[in-house]
Every structure is written in structure tokens, then in C-alpha cells.
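These notes are meant for a colleague opening this structure for the first time. Please read them with the sequence and the model side by side.

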Amino acid sequence: MKDQALRGHLDLLLLATLADRPRHGYAVIEELRRRSGDAFDLPEGTVYPALHRLERAGSLASDWDTSSGRRRRVYRITPAGRTALGMEQQSWTRFSAGISAVLKGVSWETT
Amino acid sequence: MGDDLIDTYVEELRTALRWRSDADDIVAEAEDHLREAAAGLETDGGDPDRAQAAAIAEFGQPLLVARAHAVGAGHRPAVPTSATRVAGMAALLAAALWVAVPVLWLSSGLVEESTGDWTGTPQLLGAIGAMCLLAAAALTTVTAIGLVARHGGLGASGIVGPVLMGLGTVMTFVGWFLAGWMTLGGIGLAVLAMAIHRRGLAPRWPTILLGSGLLIGLAAFLGTRALELGSPDEWGDYRAPQVIGLVLGSVVISAGLLGTGRWLASEEPAPSGVLATR
């Protein structure tokens, strides 16, 4: 998927990936790739600034774990992040339904 | 154990991020990611080196990652751009002009001495030398701005340095106040060079030479003038201190500009997209 399309929705995708359980960065990206069927193609290193931004915004929190022998940052979604995710999901559902309706040539109300 | 590809990558990323207080955390996170990704690829039957290379390719170039972190944190990224490359070319041109100034002025003086007449060739050489000096000063200011941009800003030093340099250049344009300009420009470049040196990104010796060139020239002039070196001309001016200060200052600042200019001009601009598709 092209970067412009991804850029606008990366926060939503990251929050959704962390909604079920905490994950470290690599696991977040692997899960994102698995759920999307490898549709998202972006330099993995650029996902981390987005995770950090979400943490600064209060949507995520993180802890450092050293049990693997390396320093590893594990992210988890916060209550504020769940609220933001819910709102973003609603917004996306309406948006995607509208796009689908236009593409199918039918009115939004009939979809 | 010797350095592997991931060690090398991590060091490059650390260098690109060294101005950030959270660089260690970012680098630790990147290394954990790369080791895990490489281990996964190796388990799938890949050669260790190829697995590491593939993991690094998926992660993105260090400069791209550093830029993404800078944008995410609201900082200006400390990465090469087309503008910093242009500033590097300006520095190379300025280096040549700084050397041309004493050559032209000394030639002018020699011709005048041999003919006993200031008009004609000596006057023309002197005027071209003056234009070269003004152009060199302006291009050095452009270089200073480019160096600040290359470092993603340098705080107060990143503003004070180029402003003093620019102010001194304007003073020279308006009133030909060379001593004032050398003082202002010298202080400006010294402040800037100290800030650049602390970051450790630019080549060390060219930075030191750039920051000290004008002040060395000024000190050489004042020192030799105080010693009344040489003999005064009909207006009471000592030519030898002027020549020594000019030659020494020009050569030192030219060497500094050559080194920093080569560095700025040689760097490929970093990719502009934070989430650029490969």
C-alpha cells in the first residue's frame, strides 16, 4: 500500500494491533503484517516514531523488559488509547462504507 | 566477537541520533528489532549475514529512521538535504575566493610598487579582490546556515553564529569596516564551530579551522601591528601586519571551508518521505 494511504491511518492500525495484548515493536509490526496479509510495505524503522508519538499522546504506555537478554520496550494500550481507537474505528467504518458505496455506484444509505 | 552487520548499522544509527537525549533507547529498540528479525530469517533457512542484511533492508536506512524520529518528536532532522548540499558547494566556492583575495591584493601591491602608479591594473586587481572578499563573506554565511541546517538547528549558537557573520558582511558591504567585520564574523564562526564540535557530526579539524580562521587573522594583524612590524607607508599604515593577517586568516578559513564544504557536498540527501515505500 502506498505511503500516503498508510500515513493517515497508521495510528489507528497500531492501536488496533495492541488492543488485544501488549507487544514489543517487532511483534507489533509482525502482527500488522500478518493481519494485513503483507499488504503494508513500509520501512519498519519508521513505525517506532509513530509508537513513540502515541505514547506521548497518552494512547500507549511502555515498559522496558530485559528477560530476553536484550533491552526490549513493550507497548500496551491505555484507556485513553481504547477510547481513541473506538472513535477512529467508527470514523473509518463510515468512511470505508462511503467509499465502497461510491465504487459500487449505490447510495450510502442502501449499503 | 567481531562486529556484524547489525552492529555496524546500530553504530550508524547512533551517530545519526547522537544529538538526541533518548538516542540510547531508540538504538536499543532498533537493535532488539533487528536481532529478532534476523533470527527469524535465519530460522527459515537463511545464511546469517544475508538474514541480517535482509532485516536491515526491511528496517530502513539509518538516516531515514533518524529523520522519522526527528519529525515524530517535532524536531528538525539532523540529516543532509539538497539545501545542505548546496551550502557545501557554496563553501567550496568561498574557499577558492578566500585564497583569491590575498593573491589579488598582493598582486595589486606588487604592480603598484613596480610602476609607482595606483591607477590602471593595480586598481582593477584591488577592486576584484574586494568583490571576491564580499562574495566570500556572503558565501561563508550561506555555509554557516547550511551547517546549522545539517545539525537540525544548534540552539542559540545556531542563530547567533550566522547572524553575527551576516551582520559583519553587511557592515563590510555598507561601510567597508573590515576590522569590525573580522571581529563580528570571527566571534560568530567561533561560537558556531564550538556548537558543531560538541555535536561531533561534522569533520573535526575543518570545523576548528573554520571557527578560528578570522580570529587568527585578526590576532595576527593586531599582534604584528603592536610590534610595528615592517615600515609605515606615507599614510602611516603598516602594510606587513595587514598582509600577514590577511594571508593567515584567508588560508585558515579557506582550509576550514574546504573540509566542511566537501563533507556537506558529498552527502546524499536523505529520503524525504518518512514512510516512503520501498
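**Notes on the model**

1. Within chain B, confidence is lowest in helix α4 (residues 62-72), at a mean of 80, and highest in helix α5 (residues 82-115), at 92; the score in question is pLDDT, the predictor's confidence in each residue, from 0 to 100. Over residues 273-278 of chain B the pLDDT is below 50, and beyond near neighbours in sequence this stretch has 23 contacts in the model, a contact being heavy atoms within 4.5 Å. Chain B has a mean pLDDT of 85, and 92% of its residues reach 70 or more. For the complex, the predictor gives an ipTM of 0.83 and a pTM of 0.58.

2. Some conventions should be kept in mind. This is a predicted model, in which local features need pLDDT of at least 70 and side-chain atom pairs count only at pLDDT 80 or more, while totals for chains, interfaces and linings use all residues. Residues are numbered from 1 along each chain as its sequence is written, chains are lettered from A and ligands numbered from 1 in the order in which they are written, and side-chain values use heavy atoms, with hydrogens and water left out.

3. Chain B contains 10 helices and 0 strands, where helices (H or I, at least four residues) and strands (E, at least two) are DSSP runs numbered from the N terminus. Along the sequence, the pattern of chain B accordingly reads α-α-α-α-α-α-α-α-α-α. Of its 278 residues, 47% count as buried, a term for under 20% relative accessible area, with exposed meaning over 50% and partly exposed in between (1.4 Å probe, protein chains only). Among contacts in chain B between residues at least 6 apart in sequence, 73% join residues at least 24 apart. The accessible surface of chain B comes to about 13000 Å², and 65% of this belongs to carbon and sulfur atoms; these areas come from the Shrake-Rupley method with a 1.4 Å probe, and for residues only the protein chains shown count as cover.

4. Helix α7 of chain B (residues 155-175) has 21 residues and reaches 31 Å from its first C-alpha to its last, close to the 30 Å expected at 1.5 Å a residue; the expected span is 1.5 Å times one less than the number of residues. The buried residues of α7(B) include B:S157, B:G158, B:G161, B:P162 and B:L164, and what covers the buried residues of this helix includes α6 (121-150), α8 (178-199) and α9 (204-226) of chain B. The helix is followed by B:W176, whose phi is positive, near 55°.

5. B:T169 has its place in this same helix α7 of chain B, and it counts as buried because its relative accessibility is 4%. Leaving aside residues up to four places away in sequence, B:T169 touches B:L134, B:A137, B:A138, B:T141 and B:W181. A polar atom of the side chain of B:T169 lies 2.8 Å from the backbone oxygen of B:M165. The C-alpha atoms of B:T169 and B:T140, 29 residues apart along the chain, are separated by 9.5 Å.

6. B:H33, found in helix α2 (residues 23-43) of chain B, counts as buried because its relative accessibility is 0%. Its side chain is joined to that of A:Y48 by a polar contact of 2.6 Å, that is, a pair of N or O atoms within 3.5 Å, where within protein one must be able to donate a hydrogen and the other to accept it, and residues adjacent in sequence count only if both atoms are side-chain atoms. Residues up to four places away in sequence aside, B:H33 touches A:Y26, A:I29, A:E44, A:Y48 and B:F59.

7. The structure holds 3 aromatic pairs over all chains; rings of Phe, Tyr and Trp (its six-membered ring) pair if their centres lie within 6.5 Å, and planes under 30 degrees apart count as stacked, over 60 as edge-to-face and the rest as tilted. A:W92 and A:F95 form a tilted pair, 5.6 Å centre to centre with 45° between the planes, and both lie in helix α5 (residues 79-104) of chain A, 3 residues apart, about one turn of the helix. B:Y9 and B:F59 form an edge-to-face pair, 6.0 Å centre to centre with 85° between the planes. B:Y9 lies in helix α1 (residues 5-17) of chain B and B:F59 in helix α3 (residues 48-59), so this pair ties together parts that are 50 residues apart in sequence. Ring pairs link A:Y48, B:Y9 and B:F59 into a cluster.
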